[in-house]
Structure formats: structure tokens, C-alpha cells
Amino acid sequence: MKDCSGLPVLSKLYMMGLRTHRRISRRQALRLGPGVQGQILKTVAVGNVVAGGTGKTPLVELLARECSKRGNTPMILSRGYGQDERYQYALNCPENTIVGIGSNRVRAAEQASQKVEDSGIDLQKTFAILDDAFQTWHVERDEDIVCVNCINPWSNGKLIPHGKLREPLNALTRATRIVLYNTNMVSSVEEMKIKEEIESVFEAGERIPKFCKANMVPSYFLAVEDGDERMKSVTLQEPDKIEMGALVFRKSSIEASDHLVYERNILPVSGIENPQAFHRSLVDLGGLLPSEFWDVPPQFSFPDHHYFTSKDMGEIKQVALKGNSRVVMTQKDACRVLFGDRSFALEFFRALDPCILVSEMQLEDYGETEGAQLWLDDLFRSC
């Protein structure tokens, strides 16, 4: 059994270090813009108070799409820790999206702003969207959006490393907006309890963040171009082909009114923080998903940002053959394989011939007074 007796002490030390870092960073906080002292970029930060998957990257992609729809240029600034997110931006965001990578967001913004100026784009119509930046105190911003995953929102309620909290819950008072993520995975009672827990950290009379709900919605499937199509009720509405890494994929659109019916069972394979929503999507689409993959942790749910190995590939193939199952992966996991070692990527996709489920985040109305479209309109108007 693992000895966790020292974790509370380490959590206290972590909090002391966090406070020191925040105090120093706030003194040096800067607005983003070319040369820092030049034009000011409208800035939105997306983040969380819990380490792990809370829907930050899908929300950043959604904001980039909404920004572009309004005739503006989205500029995504990412730490770049997970290369899979970087490639997802290229695939899922509008063509006019500028991406800056680096732990120093100010420097990344300067470099990205130079790209914008060189392209002749109006910086006044450029929005900086900071991915995973709620704890980035050296950058001033117009809005702070916090994602809260309704599936186990606060972990065990303890700070890192005793738990997964990056900050105490009272840090939520800095948020201007809250997105309750995966609301379709919990009951309305549980959802309301989470909202009440958030509101409880605010003092009487303090400004409460503007709430919105969000869920992932399946958009389309990708399969290797030379693979045989084993799915029914999937129509190739357009001859789209997407090149990722060393392979070309066929894009199969899912009719909104239809449910997918598979000829074989589905073997979900993922390396994401919370795979439940991914599995739920496959069930809702009509996949013959074995019950054990829903009731208990699946055999092939690896840790977040998992890098697949030849051993993993062999085990997955063995189980898939035994159960006459089709391997289905998330786009995030597929990107991690495809943009890693080229020879392994080719071997992996030839051996498993997986389908890739591509989903996108959609915002939903929160009650009668907080509509999703109004929430977005107000966000871009306020910056």
C-alpha cells in the first residue's frame, strides 16, 4: 500500500510556493500586444482549478470558431506541453487561426502578433485566447473562463499532490465566467449541487460569474483512406480527405437524425483524463459497446497524455480480434500517435485500423435567462 502520510505536508508547501509565485507574477503582469507597449490585444483566458481533463482545449477551439464567425482573428496561446493539442488546433480551428506556443505567453503573443502584422491582419480585430491560463498571473486579461467537469469536479478536494486541486475553491472568485462541462453525464440534482458549491465561495454582494453548460457532440469519423468501410448509416456526404502525419484519412459525416449501427462490437481505446464521455458518445451513437466498458474502468483507458507502445498495440489487437471488435479512438489520442514516431504510427494504424471519433464542444442554455448565444455574444462584446 502506498504511503501517503507526507502528502498533506507537501500540499501545504505547494500552496506556499503558489502564493509566492502569484505575488511575484502579479507585480510584473502585462497586457498582451506587439512589443508589449504597442497595441493591446483583447484577451480571454481559459483554465480550471483542477489538474486534468476539464474540457479546456475543446472550449478554446469553440471560442476560436466563434471568434472567426464574427469576422475576427483568433490567436491561441498555448503552453505546448501536450503536442496532441497543438495538432488538434490545426485540424479543428478556422484557417485564419494564429497559434503561439510557449510557456511565456507574453513572448508567444509578441511572436504571434508579428505573424498577424506580416499578414496584414488588423490587430484591433484579433482575440488572444490563452489555453490553460487561469494560473497564469503575469498576463492581464479581459475575461477568465473556468471549466468545471461535472464528473468528479473537485477530485478529493485536496491540493496537489494530495489531490488534484491546483488552487482552493475560493480561487473561483477570480472567474468572470464558468462553463459546466459534461452536464449530460450527471443528474440535474448533481449539476445544481455543483453550481451551489461554486456560488458558496462568493461573499454576499460579490459578482457571480456568468454560467453556461457544455457537452461534447460527435461530429464525424475518420478512417484510413485505404481501409474498408465497416460502418452502416455513415454517408460520405463530401469527398473530404484529411492528411494527418504520414496517412490520409477519409472523413465520414454522421447524419444528425441517424444513430450509428455497427456490424461489430466496439473496443474504445483512449489516453484521456475522463473517458466516460467518449464511451457515452459511442453508446448514444448505437455502438454495440460491451457493458463492462461502461460499468467499470475499461482495460484500454490509459492515463492522460499516454504515449502508446508496441506492447499496447499488441494487447489491443489481441482483444479486438478475440471480441470481433472495431477499435475506436479519440482524435486527441490519434494525433499523439500520428505526430510521434512515423514508423510506429504507420505500424499502429495498419495493425489496428481504428476509427477516430471527432467531437466538438457545444454550449447549451443555462436556465431561461442565460442563453448560450447571448453568453457568447456578451463575451466577445465585453473584450
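**Close-up views of the cores and aromatic rings**

**View 1. The largest nonpolar core.** Phe249, Val269, Phe348 and Phe349 touch the most other members of this 28-residue core, a nonpolar core being a set of buried Ala, Val, Leu, Ile, Met, Phe, Trp, Tyr and Cys residues joined through side-chain atoms within 4.5 Å. Buried means under 20% relative accessible area, exposed over 50%, and partly exposed in between (1.4 Å probe, protein chains only). Helix α10 (residues 342-352) supplies the largest share of the core, six residues; helices are DSSP runs of H or I with at least four residues, numbered from the N terminus. The model is predicted, so local features need pLDDT of at least 70 and side-chain atom pairs pLDDT 80 or more, while totals for chains, interfaces and linings use all residues. Residues are numbered from 1 along each chain as its sequence is written, and side-chain values use heavy atoms, without hydrogens and water.

**View 2. Tyr87 and Phe339 form a stacked pair.** Rings of Phe, Tyr and Trp (its six-membered ring) pair if their centres lie within 6.5 Å; planes under 30 degrees apart count as stacked, over 60 as edge-to-face and the rest as tilted. Here the centres are 3.6 Å apart and the planes at 10°. Tyr87 belongs to helix α3 (residues 83-92) and Phe339 to the loop between α9 (331-338) and α10, so the pair ties together parts 252 residues apart in sequence. Tyr87 is partly exposed at 26%, and Phe339 is partly exposed at 28%.

**View 3. Phe344 and Phe348 form a tilted pair.** Their centres are 5.8 Å apart, with 50° between the planes. Phe344 is buried at 14%, and Phe348 is buried at 0%.

Technical notes:
Helices (H or I, at least four residues) and strands (E, at least two) are DSSP runs, numbered from the N terminus.
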